[in-house]
Amino acid sequence: MTYKEKTEDIYNMLGQGQLLEAFDKYYGANVVLTEPRGTWEGFDACRAHEVEFLNYVKEFHNLEVKSITSDEANGIVMHETMMDVTFQDGNRVQMEQVGVQRWEGDKIVHERFYYDNAQ
């Protein structure tokens, strides 16, 4: 599979409610996740951050992948997505973001998300 196909698989899994399974399958032991709210380093810390996000979500309404593109030679994938979610506090939000993944072999070693921090 190409890196683009692997990212497509991640989002197919997310669309089926398999966020943690996708994380376990595709993220490396020393992965670093960066977003406007902070940076997490290492598989366990990054996975715990994903679990924390899931705990805030009451309901997923929609996941839309707007675009995915890749630089296969350099192991870089960029994706633009929108998630429509209701949080436990009842606040419904459409979260739009762009992510840049750096792959080494079959695993993501760095992923940075860009979004409006006011979400």
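## Terms and model

Two strands pair if DSSP finds at least two bridges between them; helices (H or I, at least four residues) and strands (E, at least two) are DSSP runs numbered from the N terminus. This is a predicted model, in which local features need pLDDT of at least 70 and side-chain atom pairs count only at pLDDT 80 or more, while totals for chains, interfaces and linings use all residues. Residues are numbered from 1 along each chain as its sequence is written, and side-chain values use heavy atoms, with hydrogens and water left out.

## Strand 5 and its partners

Strand 4 (residues 76-87) and strand 5 run antiparallel, joined by eleven bridges. Four residues lie between them in a hairpin, and Gly 90 in the turn has a positive phi of about 90 degrees. Met 78 is opposite Val 100 in strand 5.

Strand 5 is also antiparallel to strand 6 (residues 107-114), with seven bridges. This hairpin has two residues between its strands, and Gly 105 in the turn has a positive phi of about 65 degrees. Gln 101 faces Glu 111 in strand 6.

## Two faces

In a regular strand the side chains alternate between the two faces of the sheet. In strand 5 (residues 92-104), Val 93, Met 95, Gln 97, Gly 99, Gln 101 and Trp 103 point to one face and are buried (under 20% relative accessible area, 1.4 Å probe, protein chains only).

## Contacts of Ile 10

Ile 10 touches Ala 22, Tyr 26, Tyr 27, Gln 101, Trp 103 and Ile 108, not counting residues up to four places away in sequence. Contact means heavy atoms within 4.5 Å.

How values were computed:
Buried means under 20% relative accessible area, exposed over 50%, partly exposed in between (1.4 Å probe, protein chains only).
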